[in-house]
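Welcome! Take a moment to look over the protein shown here, and then let us walk through it together.

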Amino acid sequence: MKVRAFTLVFCFFTLASWGQKTTKTENIVLITLDGLRWQEVFKGADSLMIDDTGMIKNQGSLLEEYWDVDPLKRREMLLPFFWQTLATEGQIYGNRSYGNLVDNWNKMWFSYPGYNEVLSGFADDERINSNSKINNPNTTFLEYLNKMPEFNGKVMAFGSWDVFPFIVNEERSGVPVNAGFDLAEGEDLTEAERVINRIQQEIRGPWGGVRLDPFTHHFAMEAFKKHKPRVMYIAYGETDDWAHGNKYDEYIWSAHQTDAYIQEIWEMIQADPQYKDKTTLIITTDHGRGVTKRTWTSHGASVPEGGEIWIAAIGPDTPARGEMKLKGQWASAQIARTVFQLLGMEYPDEKAGELIEEMLK
């Protein structure tokens, strides 16, 4: 009886908030790049690593496309969408050189705790302290939205890592999650989905629990066309796995490719009447990583820089302030509440981080 009463109160509250909506955002796309350091985001390829023969396969292979003595040019060479579009039409937080700090609340500084924090709005170091495949006991903003009539059946998630069905708690939330080596399912598969299914089964990549990002991206793009979701979460994973393997060239190439994927998503949004000028795109990472040649492959509580991250956003309610240079402290725990505010609603969990006020007009 108490659960039913809470549900009725929650639905009444959110619907009442929706009736007073003043924001333009009607759709949310959240994207994460696993373990991409803030150093590459704001400074481009690392001068100590870009031509180290112990970290790249072929000496000189990164220099023409990704090296310049000017870090502002280097970062644009690496992430052109970030620095040509987000930096002019959106916001990018986390350049610690300006005292613009973004950190994890959790002190684990690895993936499951990081994703739980992004999606639920708070750290839970007591219960989320490993990457094991256990269903998330916390309710994510994806689940809250999927339980609301106006979003039910219009929330989807795609990830390269096979733990995401548990992080989102697909079983309880009802949010469909295509992750790891999942295939597109159903009787109405598009020709593209059939091709992606076949190729994914033929090209498994170098990792047991993480598929290559092109499969995640193209499954998600087909879902946009076919299902027109209101809320989409896409989690790319290659950057972290290449980094763990000390493959700096692959890490750089993957970051650059993912930037191109994000540009493709944004251009799709701008070309579709359902999404154009009604969609906010938020981009972040789950954790940081070390800064030296010895520690950059790692993260976690033993790596001091493991909780240093970044956040970016672009959309109809977000002022075009570009690279955020004001001093202050932000956290991935603030994303969930900010998503709800962008949609014109209050976040139902008081434990969640506060609103990122600068991200809304």
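This is a predicted model: local features need pLDDT of at least 70, side-chain atom pairs count only at pLDDT 80 or more; totals for chains, interfaces and linings use all residues.

Residues are numbered from 1 along each chain as its sequence is written, and side-chain values use heavy atoms, with hydrogens and water left out.

**Overall shape**

- The protein has 14 helices and 10 strands; helices (H or I, at least four residues) and strands (E, at least two) are DSSP runs, numbered from the N terminus.
- With a radius of gyration of 20 Å, close to the 21 Å from the globule rule for 361 residues, the protein is as compact as a globular protein of that length. This radius is taken over C-alpha atoms, and the globule rule is 2.2 Å times the number of residues to the power 0.38.
- Along the principal axes, the C-alpha atoms fill a box of roughly 65 × 50 × 45 Å.
- Buried residues make up 58% of the 361 residues; buried means under 20% relative accessible area, exposed over 50%, and partly exposed in between (1.4 Å probe, protein chains only).
- Of the contacts between residues at least 6 apart in sequence, 70% join residues at least 24 apart, where contact means heavy atoms within 4.5 Å.

**The largest pocket**

- Rolling a probe the size of a water molecule over the atoms shows where empty space is left.
- On a 1 Å grid over the protein atoms alone, a pocket is an open set of points where a 1.4 Å probe fits, with protein on both sides within 12 Å along at least five of seven lines; lining residues have an atom within 4 Å of a point.
- The largest pocket holds about 390 Å³ of space, a volume being the space filled by probe spheres set on the grid points. Its lining has 18 residues, and the closest to the pocket centre are Met156, Asn178, Leu183, Ala184 and Glu185.
- Strand 4 (155–159), strand 5 (177–179) and helix 11 (213–227) each supply at least two lining residues, and helix 11 gives the largest share, with 4.
- By class, the lining has 10 nonpolar, 2 polar and 6 charged residues. Here Ala, Val, Leu, Ile, Met, Phe, Trp, Tyr, Cys and Pro count as nonpolar, Asp, Glu, Lys and Arg as charged, and the others, Gly among them, as polar.

**Salt bridges**

- Side chains of opposite charge can pair when their charged atoms come close.
- The structure holds 18 salt bridges, each a side-chain nitrogen of Lys or Arg within 4 Å of a carboxyl oxygen of Asp or Glu.
- In one of them, the closest N and O atoms of Arg172 and Glu143 are 2.8 Å apart. Arg172 lies in helix 9 (residues 170–173) and Glu143 in helix 7 (residues 141–146), so the pair ties together parts that are 29 residues apart in sequence.
- Glu143 is buried, at 4% relative accessible area, whereas Arg172 is partly exposed, at 33%.
- Glu191 and Arg194 form another salt bridge (3.6 Å, N to O); both lie in helix 10 (residues 191–202), 3 residues apart, about one turn of the helix.
- Arg37, Glu40 and Asp46 are linked in a salt-bridge network.

**A loop residue**

- Thr140 sits in the loop between helix 6 (111–120) and helix 7.
- Is Thr140 buried or exposed? Thr140 is buried, with a relative accessible area of 0%.
- Not counting residues up to four places away in sequence, Thr140 touches Leu119, Ser120, Ile167 and Tyr347.
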